[in-house]
Amino acid sequence: MIPTLDMHSTLILSLSVIAVVIVDRLARKKRASGGLPLPPGPTGLPLVGSLFSLDKRDVFYTYRDWTATYGDMVYARFLNEEMIIINSEKIAVDLLDKRSNNYSDRPFLAALKPYGWGFSFADVNYGDYWRIRRKLFHHTFRADAVAKFQPMQISKVHQLLANILECPEDYAAHLETYNSCITMSIVYGYDAKPRDDPLVDITSKAMHGPLKVFTPEGCPLVNAFPFLLRLPTWFPGATLARHARASHDNIQSMGVAAIPYMEKKMINGTAVPSLVTDMLERLEEVEADKKAAFEAAVKDVMTTTVAGASETTTATLLVFILAMVLHPEIQQRAQVHLDAVVGRDRLPEFSDRELLPYVEAILIECMRWEPVSPIGRPHTATESDVYEGYYIPKGVTIVANAWAMSRNESAFPNASEFKPERWLDAEGRLTVDGPPGFVFGFGRRVCPGRWAADAGIWIALCSLLANFEFHKAKDAKGREIDFVPTFTTGFVRMPDPFPSRVVARPGFDSERLAQWVRAST
Ligand code: HEM
């Protein structure tokens, strides 16, 4: 949510400037469209467009509701930003996947650099600058490279189980620590403490908050009034500038926090394989005059990785716990499967995965049921285009509404229900080989961290199910507390805290865990 802005005095002046810009842009578009119509959409108000029609918390509801009136591809304007919202997976695939040479760019975000997020290759324009960074990232995170992280992911899962045994009510914080520890290990080879680790804390502080300004309703506002980001922080009403400065400082601290650790490890020869060591090996092959650019790209990749991984995986595991609390029968059924395959005298391993289709279906259904990235990341059209007779203007922001796609009743009957069986045939075999495409985005910008994410989520989900039960919390009279789930807002959406109880399954305690861990190493 955008911080409340004290900007009435500047608003009128700025609106008149925008009015000129809008009139000019619309006139140009009319001329360039060759008479073809824009996709249908709400008319909106003069100047502000449809900005005030959006759901205050979750814009994807409004976007989806527009489908009933305007169809699956909706054109809307927010201030001077034009947007095409895609509510169907087929259209998203047709445009963002099949015509990815035209739809791989990102829209301009005025807040990006002032907030300290200039490092993020997830947000830069499509071109060589992005390509170099994505290639470096891919080198460490491609499907056939991530298996090398499995032993580390297993050991972090053991820590997660120990943390939850010790303090079950703090499971959300333990999940966040689990994911941060994995990311720190992959990026820096850093062995984070299971609790209160300084580097994890710095990272968490840097990641929380700024994501909320990079929202579809936030961006047009900030893009239209970029000077608000640059006001002196002492200026009355300079809330946005203060937020930006704080975020910038936090990102700076995060960027340098791991360096002393890495230097020490390098000097004494104890650095473990990581993205950084991978990159340093490659640095040796880089020509002298290109080394500085390569190092800059590596720094961007490191920080983007930490950012990309920061909330998404935790959010998915929280959705899983929510689903288990709401559906005890599904939880029990999964535990029967787990007990049959893993037994009750060891911890789950990656090699169990193929034998656990029901657990796999739970994971896929978690990702479909409440997509943690409900509107993905915006793309933009590099050149004007035509789709099914509609004109798509160059530079228009394209939003693929994953949440609407997850609610497609013809693909997912009773879509708002959590039903792992939708991914299984009558014999209990999986009918798909992964979550639906909209979960991880589209085309050349599709999430490149999905294989690492998938492994980290699967082993945690499986280990938690095998060893804990998830229930609704009880009131003073011992009755279960019913609740309606609510979710955070922003690019990453996760369940708000809900009344729950996590208890170890019979026979599982710290002694047993220590025994199993010893036996598995
Ligand atoms: C459940 C977990 C995750 C989900 C649901 C998710 C989802 C997404 C989505 C929807 C996008 C935008 C795709 C598009 O533009 O169409 C994205 C981009 C990205 N993700 Fe993920 N992600 C997850 C985990 C991760 C992890 C663990 C990492 C890092 C290790 C990561 C790194 C990135 C990066 C770097 C991009 C930007 C790609 C680019 O612009 O070229 N993600 N992710």
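Modeller: A residue is called buried under 20% relative accessible area, exposed over 50%, and partly exposed in between (1.4 Å probe, protein chains only). This is a predicted model, in which local features need pLDDT of at least 70 and side-chain atom pairs count only at pLDDT 80 or more, while totals for chains, interfaces and linings use all residues. Residues are numbered from 1 along each chain as its sequence is written, and side-chain values use heavy atoms, with hydrogens and water left out.

Colleague: Why is Lys-472 called buried?

Modeller: The relative accessible area of Lys-472 is 16%. That value is under the limit for buried, so the term applies.

Colleague: What makes the contact of Lys-472 with Asp-482 a salt bridge?

Modeller: The term requires a side-chain nitrogen of Lys or Arg within 4 Å of a carboxyl oxygen of Asp or Glu. The closest N and O atoms of Lys-472 and Asp-482 are 2.8 Å apart, so the pair qualifies. This pair links distant parts of the chain, 10 residues apart: Lys-472 belongs to strand S7 (residues 468-472), and Asp-482 to the loop between S7 and strand S8 (500-504). Strands (E, at least two residues) and helices (H or I, at least four) are DSSP runs, numbered from the N terminus.

Colleague: Is Asp-482 buried or exposed, and how do you know?

Modeller: Asp-482 has 61% relative accessibility, which is over the limit for exposed, so Asp-482 carries that term.

Colleague: Why do the side chains of Arg-429 and Asp-425 count as a salt bridge?

Modeller: Their N to O distance is 3.1 Å, within the cut-off, so they count. Asp-425 has a relative accessible area of 26% and is therefore partly exposed.

Colleague: Which residues line the second largest cavity?

Modeller: Its lining has 20 residues, of which Pro-107, Leu-109, Cys-219, Pro-378 and Thr-397 lie nearest the centre. Lining residues have an atom within 4 Å of a cavity point, a cavity being a set of points on a 1 Å grid over the protein atoms alone where a 1.4 Å probe fits but cannot get out. Strand S2 (81-86), helix H8 (218-224) and strand S6 (397-400) are the elements that give two or more residues to this lining. H8 gives the most, with 3 residues.

Key
1 Å grid on protein atoms, 1.4 Å probe; cavity = no way out; pocket = protein on both sides within 12 Å on 5 of 7 lines; lining within 4 Å.
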